[in-house]
Amino acid sequence: MVATGFSQLLSTLKTVSDYAIVGTAAAALSAARDITYDLFLLDISLPDGSGLELISALKATNELAKVIVISGSINPSMVAQLTGQGAD
């Protein structure tokens with residue numbers, strides 16, 4: 001449901017030309033290797049792995065990219081872990 005909302009929003013923005021909505025860590029990393037993205041919106045809970053571990057892999061594809069974590073399961077102690085991995 002959240003992904004659908006983001007997709008609809010992004011499709012209306014004239015300044016956004018390339019984006020991908022994926023549901024797994026593997027698909028996110030594959031997409032990031034194919035296209036240089038400026039921004040990643042990331043959930044921590046992914047069916048095939050931890051979004052926390054994915055952050056550094058995504059940043060490795062483009063160190064200037066911003067990684068924003070959107071999740072209902074983030075607690076204050078996790079914020080330090082996220083920023084330590086490179087989340088913005």
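Where is the place of alanine 60? Alanine 60 sits in helix 3. Helices (H or I, at least four residues) and strands (E, at least two) are DSSP runs, numbered from the N terminus. The structure is a predicted model, in which local features need pLDDT of at least 70, side-chain atom pairs count only at pLDDT 80 or more, and totals for chains, interfaces and linings use all residues. Residues are numbered from 1 along each chain as its sequence is written, and side-chain values use heavy atoms, with hydrogens and water left out.

Alanine 60 has a relative accessibility of 66% and therefore counts as exposed. The C-alpha atom of alanine 60 is separated by 10.0 Å from that of leucine 29. These two residues are 31 residues apart along the chain.

Helix 3 spans residues 51–61. Its buried residues are Gly51, Leu52, Leu54, Ile55, Leu58 and Lys59. Seen down the helix axis, they fall within an arc of 145°, so they line one face of helix 3. The arc is that of the directions from the helix axis to the C-beta atoms. The face turned away from this buried side carries the exposed residues Glu53 and Ala60. The buried residues of helix 3 pack against helix 2 (25–34) and helix 4 (76–85). They also pack against strand 1 (39–42), strand 2 (45–46), strand 3 (49–50) and strand 4 (66–69). Contact here means heavy atoms within 4.5 Å.

Not counting residues up to four places away in sequence, isoleucine 55 touches Leu42, Val67, Val69, Leu82, Gln85, Gly86 and Ala87. Isoleucine 55 and alanine 25 are 30 residues apart in sequence. In space, their C-alpha atoms are 9.7 Å apart.

Lysine 59 is likewise part of helix 3. At 18% relative accessibility, lysine 59 counts as buried. With residues up to four places away in sequence left out, lysine 59 touches Ala65, Lys66, Val67, Gly86 and Asp88. The count of salt bridges comes to one. A salt bridge is a side-chain nitrogen of Lys or Arg within 4 Å of a carboxyl oxygen of Asp or Glu. The side chains of lysine 59 and aspartate 88 meet in a salt bridge, at 3.5 Å from N to O. Lysine 59 lies in helix 3 and aspartate 88 in the segment after helix 4, so the pair ties together parts that are 29 residues apart in sequence. Aspartate 88 counts as exposed, at 53% relative accessibility.

Asparagine 62 lies in the loop between helix 3 and strand 4. At 13% relative accessibility, asparagine 62 counts as buried. A polar atom of its side chain lies 2.8 Å from the backbone oxygen of tyrosine 37. Asparagine 62 touches Thr36, Tyr37 and Asp38, not counting residues up to four places away in sequence.

Helix 2 has its own buried residues: Ala25, Ala28, Leu29, Ala31 and Ala32. Down the axis of helix 2, they fall within an arc of 160°, so they line one face of the helix. On the other side of helix 2, Arg33 and Asp34 are exposed. The buried residues of helix 2 pack against strand 1, strand 2 and helix 3.

Glycine 23 is found in the loop between helix 1 (2–12) and helix 2. Glycine 23 is partly exposed, with a relative accessible area of 46%. Glycine 23 touches Leu46 and Pro47, not counting residues up to four places away in sequence. The C-alpha atoms of glycine 23 and leucine 46 are separated by 7.1 Å.

Terms used. Buried means under 20% relative accessible area, exposed over 50%, partly exposed in between (1.4 Å probe, protein chains only). A polar contact is a pair of N or O atoms within 3.5 Å; within protein, one must be able to donate a hydrogen and the other to accept it, and residues adjacent in sequence count only if both atoms are side-chain atoms.
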